[in-house]
Amino acid sequence: MTDLLVPTRPLHPHAVAGVPPGRRPTRRLTVLTPLYRESAATFERSARAIAALDYPDELLQVLWLVEAGAAGDQDAARAGAAMAAYRRAGLDWRLLRLPGMSPKGAALNHAFPYAEGEVIAILDADVVPAPGQAAEAVHALEQGHALVQAEEFSEPGTGLTARAKAGEDAVWHASVRGLKRLAGVHVVAGSSVYAWATTWDLVRPVRSDDVEESYHWSLRLMGAGVETGFLASPSRVSATERPAAALRQRARWTRGQLRAVAVSWRGLPPRGRLLGAVTVGSLAARAALPVVCAGAVAVRRLRPAALALLLADAACVLGARRDPAYRQRTDAAGWALVVPWHMVGAFAVYLALYEWARGSGGGTAYGRGPLAGRGLRWGRSPELESGSMALLRTGVRQATPLSVRLRRRVRMTTESVGSVSSLGHAAVVGAAVMAHPRRAAQAAELAAGLAGWGARVVTDPVPGGGPGTLRTARAAWAAVAPDATHHVVLQDDVLPCRDFTARVADGIRELPDAPLALYANWNSWNGAATRAAALQGAAWVPAVPGEWTPSLALVLPRADVDALLAAVPADVTGPEPDDTVLARELGRRGRRVLIPVPHWVEHADGASLVGNDVYGPRHSACFADDTAEGPDPAGPVAAAPDVLVHLFKGRVQLVLAADTPAPRRVSREGYLRAAGQEGRGRGRSARAVTALRPPSGLLGALCEEIWYAAYLMALHTPPGRAPAAGGDRVRLCLRSLVLGGTADRADLRLWARHRVGPLVALAEDGLRAGFDDREAYGRPAPLPPERLAALPDAALIWSRPLTLEER
């Protein structure tokens with residue numbers, strides 16, 4: 001319990017002051033409730049709470065999670081009876097039979113793929129939320145929060161333990177809000193919590209090897225700097241009358257928190273480390289309290305320290321009691337017992353350390369299940385049952401592992417025997433998948449789908465040599481088949497599009513002498529060039545010469561492979577990335593790399609092994625499987641764009657002279673001013689942004705940048721090439737503009753993800769305005785050479801980017 005010696009005043013205010021009168025929710029909400037070996041009374045209590053929720057039935061989905069198989073049959077029967085007794089007409093209320101329910105994180109990992117709501121709530125079995133809590137939570141999220149949590153108070157108990165624990169719980173909740181007010185971080189509760197589905201994506205998969213899954217996501221969310229808040233509507237939980245049960249529960253929580261700090265510390269950002277340090281310090285103070293007080297009886301020198309600890313703890317208790325809402329949580333006797341209960345509670349810290357030392361790491365944080373943690377397994381599909389226990393399998397999104405997605409995406413359209421496939425009369429293709437040993441299984445799945453090319457998995461020859469892709473890339477280039485005319489090199493974390501091998505065959509047939517990069521990142525210059533080409537209706541775009549060559553998926557003619565092997569020694573060392581070497585060596589020989597529009601591979605989710613997570617999620621600027629129009633390898637090649645509109649960290653920066661080796665950068669305000677168009681579009685932009693009603697000045701500035709990014713893209717589209725702003729491929733590119741342009745700022749990314757539809761519509765408005773002004777006034781004239789030369793090097797975008805705060 002992170003509360004001892006943590007200030008309980010002043011309190012961080014509630015997220016919202018209730019729901020405005022007459023306001024009706026419009027968001028789809030999913031409630032996940034794990035029920036693991038609970039009593040029939042608990043099932044009925046939870047069902048009664050669901051029935052009392054004041055939320056529109058057509059917008060509410062409730063998923064009850066129970067164990068699959070014979071072990072969960074009793075729970076399933078109790079759930080069915082409770083659901084039948086309290087079912088609301090029109091409510092989507094289902095029972096999920098899961099193969100793993102202990103610890104709680106395993107159940108959540110199984111259940112998240114079935115959640116259909118924009119907002120997902122986690123309510124424990126014993127939690128009874130206030131009827132209006134769900135509507136208040138959704139309203140708070142719409143005001144700009146990423147996650148909100150409700151406080152829980154114990155129902156009246158008769159024994160001293162229940163009354164003391166009720167007071168302790170009030171102090172804990174006050175300390176959470178006090179720490180948030182003081183330091184901007186706090187523990188995120190796991191039993192009455194609501195968040196956007198996109199916020200949960202930040203912590204998935206949930207740790208399934210520990211009882212304190214919520215503390216793990218506390219560290220991650222605090223480290224990411226997401227906006228969190230507290231609800232005024234509380235939840236009720238059953239009173240705890242048995243001291244031993246309360247101490248065992250605290251020991252589990254303590255063990256989980258200490259373990260989370262230990263295993264996560266090295267990778268935590270500063271805010272996450274701050275929360276971890278407060279946790280360890282508070283638990284150390286709790287453990288020291290009875291020891292110091294007992295020692296003070298015999299050792300006079302310890303008495304000042306003991307007195308200081310007792311007074312500090314009493315001050316925190318009295319700080320919480322000053323708040324009227326907390327004061328009524330227990331009676332005077334309960335409040336008087338909180339400090340002594342803290343003394344007794346110190347033994348939970350020692351019990352936690354003892355259990356941790358013995359290796360007791362799993363367990364359940366809910367119900368009465370055994371301490372037997374079972375991790376997430378994909379071998380069995382959860383069973384879905386309705387209140388009448390009938391099996392439901394339609395209309396449910398299945399959780400699909402990466403290996404299955406790879407097998408589905410890679411559809412071989414050619415058959416051959418041997419290590420390579422013959423395409424046409426002359427081209428012979430081979431392939432290699434470059435991989436780190438940690439991803440060997442994933443790479444093998446990918447290579448198996450490319451069996452017609454004789455694909456080989458090539459692993460890092462020096463896996464302990466530190467981050468670096470060049471040595472593995474060099475080994476993958478060297479894996480070219482002896483008679484291959486073209487060599488395909490894929491990284492281990494790509495997802496090929498449908499009919500991938502046929503697309504590659506067509507591309508080689510149309511452009512047999514060109515190196516092909518089959519992917520560009522959505523927040524790169526090449527991603528911006530992809531969007532510009534999509535507006536022109538082009539099928540290919542030249543890679544930007546001033547940026548790295550996208551190396552996630554490459555098709556290299558044999559001459560380029562041989563030249564690269566000659567330029568890079570076999571025993572290469574050092575951290576220089578392969579994409580930089582490719583850009584340098586191919587550029588030195590005057591080779592023009594072409595990128596298909598749309599792209600033929602996508603980047604899979606997952607942690608980077610070379611430190612690229614600082615750029616946030618990394619995805620395609622326009623992935624072929626996401627557009628109905630599909631790729632056209634025989635289509636035109638776009639002219640190399642001389643002006644790129646690059647949205648990075650939420651700010652528009654234009655890359656000028658982008659078709660030269662020395663591009664320059666300028667802000668969009670500076671560009672419009674230099675081009676003599678400073679006021680153009682201002683009124684239309686302001687109206688569009690105002691209509692979106694962004695919840696803060698910073699997000700309003702982001703909306704303005706998104707509008708102007710699309711406006712400038714249209715302004716620089718060559719005349720006569722203006723597809724409808726709502727076209728499938730164009731809309732996909734605008735979506736990647738919004739999400740890619742905010743990817744590496746968590747505070748912007750979360751809001752952009754859950755408002756992506758309106759933001760894409762905002763960009764479409766900017767695009768139409770740009771086309772209108774281009775037709776009326778023409779394309780802006782290039783800046784004079786002397787003015788261009790005075791601008792900073794465009795490469796500074798990566799090391800010294802412009803920010804919204806600098807506007």
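Axes here are lines fitted to C-alpha atoms, for helices over the stretch in contact, and the angle between two of them runs from 0 to 180 degrees between N-to-C directions. The model I am showing is a predicted one.

Take helix 19, residues 558-567, and helix 20, residues 578-588: their axes lie 11 Å apart and the two pack at an angle of about 115 degrees. Angles from 65 to 115 degrees count as roughly perpendicular, so that is how helix 19 stands to helix 20. The crossing of this pair is right-handed. On the helix 19 side, the contact uses Asp560, Leu564 and Ala567, which meet Leu582, Glu585, Leu586 and Arg588 of helix 20. By class, the residues of that contact are four nonpolar, three charged and no polar.

Next pair. Helix 10, residues 303-321, and helix 13, residues 338-358, cross at roughly 120 degrees, and their axes come within 10 Å. The two helices are therefore oblique to each other. This crossing, of helix 10 and helix 13, is right-handed. Leu310, Asp313, Ala314 and Val317 of helix 10 meet Val338, Val339, His342 and Met343 of helix 13. The contact of helix 10 with helix 13 has six nonpolar residues, one polar and one charged.

Last, helix 2, residues 73-86. With 14 residues at 1.5 Å a residue, helix 2 should span 20 Å, and this agrees with its end C-alpha atoms, which are 20 Å apart. Which residues of helix 2 are buried? They are Asp75, Ala76, Ala79, Gly80, Ala82 and Met83. Those buried residues pack against helix 1 (40-52), strand 2 (60-67) and strand 3 (92-98).

Notes: Residues are numbered from 1 along each chain as its sequence is written. This is a predicted model: local features need pLDDT of at least 70, side-chain atom pairs count only at pLDDT 80 or more; totals for chains, interfaces and linings use all residues. Side-chain values use heavy atoms; hydrogens and water are left out. Helices (H or I, at least four residues) and strands (E, at least two) are DSSP runs, numbered from the N terminus. The expected span of a helix is 1.5 Å times one less than its number of residues. Buried means under 20% relative accessible area, exposed over 50%, partly exposed in between (1.4 Å probe, protein chains only). Contact means heavy atoms within 4.5 Å. Angles under 35 degrees count as roughly parallel, over 145 as roughly antiparallel, 65 to 115 as roughly perpendicular and the rest as oblique. A crossing is left-handed if the near helix is turned anticlockwise from the far one by less than a right angle, and right-handed if clockwise. Ala, Val, Leu, Ile, Met, Phe, Trp, Tyr, Cys and Pro count as nonpolar, Asp, Glu, Lys and Arg as charged, and the others, Gly among them, as polar.
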